[in-house]
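Please look over the structure shown here. Some questions and answers about it follow.

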Amino acid sequence: MEYSLAHLQLAVEIIATVSLAFSGLIAGARKQLDPVGMCMVSGVAAFGGGTLRDILLDRRPFFWIENSYWLWVLLGLCILAMLLMRGRHLQFTERAIQIPDALGLGLFTALGTQIALASGLPGIAAVLMGVVSAIFGGVLRDVFCNEIPKAFSDHQPYAVFALLGGTVLILMQQSGISETISMITALCLTAALRVLAIVYGWRIPAWRV
Amino acid sequence: MEYSLAHLQLAVEIIATVSLAFSGLIAGARKQLDPVGMCMVSGVAAFGGGTLRDILLDRRPFFWIENSYWLWVLLGLCILAMLLMRGRHLQFTERAIQIPDALGLGLFTALGTQIALASGLPGIAAVLMGVVSAIFGGVLRDVFCNEIPKAFSDHQPYAVFALLGGTVLILMQQSGISETISMITALCLTAALRVLAIVYGWRIPAWRV
Amino acid sequence: MEYSLAHLQLAVEIIATVSLAFSGLIAGARKQLDPVGMCMVSGVAAFGGGTLRDILLDRRPFFWIENSYWLWVLLGLCILAMLLMRGRHLQFTERAIQIPDALGLGLFTALGTQIALASGLPGIAAVLMGVVSAIFGGVLRDVFCNEIPKAFSDHQPYAVFALLGGTVLILMQQSGISETISMITALCLTAALRVLAIVYGWRIPAWRV
């Protein structure tokens, strides 16, 4: 059971990281970065959120240093994508990664919140760490591309689901529900809400200026 | 005495942090961020400077993790402000927070420099840490809003007073004056200079291109 | 021998850091920052790459805290430059620092990779740390000036030579060649390639949109 769960987590992690890496490649291509810049922005998008969380929590080694084959995977992926992708594929790819990205939102939220809890953080700070894990890869990607972060400005619910998922995880664990069950619930809830938001085009109401 | 000083420090801290949080809300509103983005930028403005200082000094836990009720205060403040504020209030609010912000400049300068000194940093590096504490909340706020940081570009003296206040603090302590007295002096001096600069519209001379 | 090597390293370090500091001053002047902002961006350009590397590796104290006279050097340099430089000098200075900057690229690559190796990082992550040391000063300088980082977008080979130099350093050390020899080789190779790229105007082929 634990064994197949670990496999499941690895599978979701690969799917999520690869979709984040693609989001960086697309953003870089739109800004006409050179191939080196595209790889860098892709790496920032894929690993930036978890790395910032670990800096804030003072955890070492980072995920991508402990499992440094991930850097090879990222490099291979970037080279392959640049060889195969064309400009007309960008929009299609952007839509194709929305669903795996929703999975990633759920996973990084659950993982980040859990890691922060295990580091002894109080509830609200742990939820915030989950949100940071989940969205700051994309935020840093946009900062390096000289854009206002999409997660702050596109009025689509994204970070708010991470907030919700993390809160549910904490409430469940405080009610005595096991770590595994509460993480899976938070992951599924966050990802499902995000998919619904994409399918039905939910919008965050704007602050009335 | 020590007791009422601690109360005074807390009061200044609340005033300063709230005015920084407002500066983030205003910047976010100007860029038409969604409410989630506004909260995030508000949090970065309020806690970014101290957090960066603590990362550089390798201090944990952060202020907002040790006193995590601050995150609730910030969240409540943001929600309340978004419910009550209107576009026509923005400019008024921006002017209204200039004086509490000057207090914050003084406090964070004195606090940051003192913390860095206590960590064993040499004088000039401690002053720099005071400046980082005082201005990088605003700098990161502007970076996330895709603007050149105002503290670097608006030609109003701001960081320079932090530099001055920190230097005075260090010189006083090296002359054997007590920690409390030198911190209060640095705070008052920095804040007073900033208020004078606002009232009289002082400008930093531009580098002659 | 070791003694004169240390002198050589110090000389290259001064040349490299000063040229990075100048690049920050130029970028700040172009964006019409005020003198305080120009000093800040200059400092970020000069020390940002090594500082980010040390944060990622959890190393303290930073170079500029351990050798805090560097902060005085930077401050003096900035003031002197602002007194003596004029707008018409900007383009000339930008070209004049290209060669010392190439030396810096080589030095920071070799130094960063070696430090990361000594911290026990696997090869590819150590190379990445060398690249981060060498280019993120400039990257952060451009972020604070609200520009897409030149290292990602100007289609001139720069980071790619750091990647190559770091890889050569690692391969040499794995073949049993001494630390000193492999570092000098990596430094010279990286710097020489960068100089050739400047002289012959080499370009990175763009990703075909």
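Two residues are in contact if their C-beta atoms, placed from the backbone, lie within 7 Å. This is a predicted model, in which local features need pLDDT of at least 70 and side-chain atom pairs count only at pLDDT 80 or more, while totals for chains, interfaces and linings use all residues. Residues are numbered from 1 along each chain as its sequence is written, and chains are lettered from A in the order in which they are written.

Q: Which residue of chain C is in contact with V41(A)?
A: Neighbours of V41(A) within four places in sequence are left aside here. The contacts of V41(A) in chain A include G24(A), L33(A) and F144(A). From chain C, the list holds F152(C).

Q: Which element of chain B gives the most residues to the side that touches chain C?
A: Here 22 residues of chain B are in contact with 23 residues of chain C. Helices 7, 8 and 9 of chain B each give two or more residues to that side; helices are DSSP runs (H or I, at least four residues), numbered from the N terminus. The most, 4 residues, come from helix 7 of chain B.

Q: What kind of axis relates chain C and chain A?
A: Superposing chain C on chain A takes a rotation of 120° with 0.0 Å of shift along the axis, at RMSD 0.0 Å.

Q: Which residue of chain C has the C-alpha nearest the axis?
A: The axis is that of the rotation of 120° that superposes chain C on chain A. At 3.8 Å from the axis, the nearest C-alpha in chain C is that of N146(C).

Technical notes. Least-squares fit on C-alpha atoms with pLDDT ≥ 70 in both.
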